[in-house]
Number of protein chains: 2
Amino acid sequence: VRRRGAPGSPQATYDAEVAPGWDILGNANGGYLLAIAARATADHLGRADPVTVTAHFVAPGRPGPLAVDVSSVRAGRRFATARAEVRSVPPEGDPLTLMAVLATCGELAEPGSVVLVDAEPPVLPPPEECVSHRRTDDVHVADPDRPSAPTFMDRVELRLHPVDAGFGVGDPSGEPRVRGWFRLPGEEPIDTIGLLQVLDAFPPTVFNARLPFNWVPTLELTCHVRSRPAPGWLACEFTTRFVTGGFLEEDGVVWDSAGTLVAQSRQLALMPRG
Amino acid sequence: VRRRGAPGSPQATYDAEVAPGWDILGNANGGYLLAIAARATADHLGRADPVTVTAHFVAPGRPGPLAVDVSSVRAGRRFATARAEVRSVPPEGDPLTLMAVLATCGELAEPGSVVLVDAEPPVLPPPEECVSHRRTDDVHVADPDRPSAPTFMDRVELRLHPVDAGFGVGDPSGEPRVRGWFRLPGEEPIDTIGLLQVLDAFPPTVFNARLPFNWVPTLELTCHVRSRPAPGWLACEFTTRFVTGGFLEEDGVVWDSAGTLVAQSRQLALMPRG
């Protein structure tokens, strides 16, 4: 993410790129786009951490060059708020808006204070007993010969709870829930912007619900980041309570290796008309 | 909410007003401002229903004139997305941005389809056995003589579950939860934009948690509307699982009189530094 021109203006444009491999069947991963938008926004606002970020996905992203337009709404003492818009800028043809973002950034503590927690991290087998979709991994690989396996899954280390991983081989758990571990390859540290990507990295919960959906496009994703994560595997859980009115929500919770809640998300996805 | 100038442009400004009485101790109710912003946005986009709306509250609202600037992001077949900004425009002095909004609107069904629901409406005593803060009501009024009772509570019919209503008289339930009924006076119908107001009308959950907070300013509120509500009382439930890192989330669910989930919300609020 590179800023064009001089700092100090309330508006700025950043150049970025959907690197090859950060896609799922040709569509840029939504969390990846969101992390690009948040990186530009946090830079523009001069605050390290996205505290609350909402993205509306208006068109699927493609590999190639992007521009991120950021404009400040308000800069306060503790928090600053901006809007961002991610546009695909193909070498030929017209630019296309992919995502509209509204974000408030600040400086978070690590670990944050804990006053009240009425939830627990998901109970997961150790990462080496979970299921990977990364073809180079040493653990059980769900479907190594599937030619269309998302290359995105090679860019991250994602290990699914075995109970929640059966959907890929026709054995869904029956519950709209997906649990698993996440880290970056080579144990690269994840910052608070990277957490946004974690919140959109897992397969859809409803793949486990025995419903006739094989895709559920995201309309909107809101992420709250509570604390900078400790190093190590992140324990993640995504659940759905309502598939109604043509929509479904997916609620995510991410805990770090010290057992601290670091991020929460909710997305609204579209039930495909079948 | 009145539009300035001719239709057809991708940007528009609407004039509105914080009517007297729609405040809590002088601050305009957030859900009221949000409903104003959503009404301008839905009008501008030509779609009846807000499907997903996020507001970042950047300054407290005051009674008086407002301007809402709306600009389209994308209009698709089923959904259209816009940004909005609510500004206070005092007769003298500079305008002040109060709220930044990102919204996707469409046309919702009534009632919406139900594929999977893993939750139930809150179990509430009938409205006449619940607790009101409306001084003119015939039912039990929590604190009729309190001179500073929010006048906002006179503008709506809000009946709290007796278990969740004790915080006002020094007897909090101990659980960060608030349940109750909502309708408008005179049984005025509530549309999907009115639901946004319902989602921000109840007292904070943490007032019941025996924590030393007497105010919890909202940073961000996201509302999902699933279905147009049937007439009658709405059953509402708000809960909090995490008070950590200096923040707390509040999750809301609204069911209509037919037992259909009509809206969901999550807000991120700030834990006051004590």
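In this predicted model, 100% of the interface residues of chain A are also interface residues in chain B, so the copies meet through the same surface, where contact means heavy atoms within 4.5 Å. The contact draws 58 residues from chain A and 58 residues from chain B. Local features need pLDDT of at least 70 and side-chain atom pairs count only at pLDDT 80 or more, while totals for chains, interfaces and linings use all residues. Side-chain values use heavy atoms, with hydrogens and water left out, residues are numbered from 1 along each chain as its sequence is written, and chains are lettered from A in the order in which they are written.

The two chains are related by symmetry: chain A can be laid on chain B with an RMSD of 0.0 Å by a turn of 180° and a shift of 0.0 Å along the axis, the superposition being by least squares on the C-alpha atoms of residues with pLDDT of at least 70 in both copies. That is the relation of a two-fold axis.

Between them, chain A and chain B bury about 5,200 Å², 61% of it on carbon and sulfur atoms; buried area is the accessible area (1.4 Å probe) that two parts lose on being put together, summed over both. There are 6 salt bridges between chain A and chain B, each a side-chain nitrogen of Lys or Arg within 4 Å of a carboxyl oxygen of Asp or Glu, and one such salt bridge joins the side chains of A:R83 and B:E85 at 3.2 Å, N to O. Strand β17 (residues 261-270) of chain A gives the largest share of the side of chain A that touches chain B, namely 7 residues, strands being DSSP runs (E, at least two residues) numbered from the N terminus.

Strands also pair across the two chains, which requires that DSSP finds at least two bridges between them. Strand β15 (residues 242-244) of chain A and strand β9 (residues 114-117) of chain B pair in the antiparallel sense over 3 bridges, and A:F242 stands opposite B:V117 in β9(B).

Within chain A, strand β2 (residues 11-18) and strand β6 (residues 64-75) run antiparallel and are joined by 8 bridges, with A:Y14 standing opposite A:V68 in β6(A). Strand β6(A) is also joined by 9 bridges to strand β7 (residues 80-88) of chain A, the two running antiparallel, and the bridge partner of A:S72 in β7(A) is A:A82. A hairpin connects β6(A) to β7(A) through 4 residues.
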